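This report describes how the secondary-structure elements of one chain are arranged. The sequence and the structure are shown first.

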Amino acid sequence: MTPAPVELTVNRVRRSLDVPDAERLLDTLRWRLGLFGTKEGCRSGECGACTVLVDGRPTLSCLTLVREIEGSAVTTVEGLANDPAGRAVQKAFETEGAFQCGYCTPGFLTALTGLLGESGPDRDVEHLWGDLQGNLCRCTGYVAIRRAVERAAREAP
Ligand code: FES
Ligand code: FES
């Protein structure tokens, strides 16, 4: 029997997806929906490049089956501009020059947007920074990324 389509909202658009049981969210986003902003790194939960928001929570799309999140709202880096905090995070990274090749950047932007949403008005930068330790960057040495996190913590609504 053919499995029923999976209903998801992706960047505010309702989607009905015919996917195999074992399809990962990362592959659905990139190869079915053409949302190539979400990056594929290790595919094993080690690098954070594939981070998206699922119902607002930072989630590794390489470790998430699409069928596990039926009915959820997914936000990728392409959808962050819809969110005031997402816009502030993008602006902070731009202002601080917090990227070089940019491969890790979508993961940092989505993860930080989700963490700011969860943290409320009293933001502890050390706590945010600790929660970003699963996001790896091979280029920057993290100094500018750290400044961008501090700026976003101050400026995001
Ligand atoms: S690609 Fe998902 S954590 Fe590396
Ligand atoms: S900017 Fe190149 S991996 Fe982070």
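Contact, as the word is used here, means heavy atoms within 4.5 Å. The model is predicted.

## The sheet

Strands of a sheet pair through backbone hydrogen bonds, either parallel or antiparallel. Here five strands make up an open sheet with mixed pairing, and their order is S2-S1-S5-S3-S4. The edges are taken by strand S2 (13–17) and strand S4 (57–60); each has a single partner strand, so one side of each is left without a neighbour in the sheet. On average, neighbouring strands are turned by 40° against each other, direction ignored.

Strand S1 (residues 6–10) and S2 run antiparallel and are joined by five bridges. Within this pair, threonine 9 is opposite arginine 14 of S2.

## Helices on the sheet

Helix H1 (residues 25–32) lies across S1, S2, strand S3 (51–54) and strand S5 (73–75), and runs at about 100° to S3. Helix H3 also packs on the sheet, where H3 touches S3, S4 and S5. The direction of H3 makes about 35° with that of S3.

## The H2–H3 pair

Two packed helices are described by the angle between their axes and the distance between the axes. For helix H2 (residues 84–96) and helix H3 (residues 105–119), the axes come within 9 Å and cross at roughly 135°. The two helices are therefore oblique to each other, and their crossing is right-handed.

On the H2 side, the contact involves Ala85, Gly86, Val89, Gln90 and Phe93. H3 contributes Thr105, Phe108, Leu109, Leu112, Thr113 and Leu116. By class, seven residues of this contact are nonpolar and four are polar, with no charged residues.

Note on methods. Residues numbered from 1 in each chain as written. Chains lettered and ligands numbered in written order. Predicted model: local features only at pLDDT ≥ 70, side-chain atom pairs only at ≥ 80, totals over all residues. Heavy atoms only, no water. Axes fitted to C-alpha atoms, helices over the stretch in contact; angles between N-to-C directions. Helix = DSSP H or I, 4+ residues; strand = E, 2+ residues; numbered from the N terminus. Parallel < 35°, antiparallel > 145°, perpendicular 65-115°, else oblique. Left-handed = near helix turned anticlockwise from the far one by under 90°. Nonpolar A, V, L, I, M, F, W, Y, C, P; charged D, E, K, R; others polar. Pairing = 2+ DSSP bridges.
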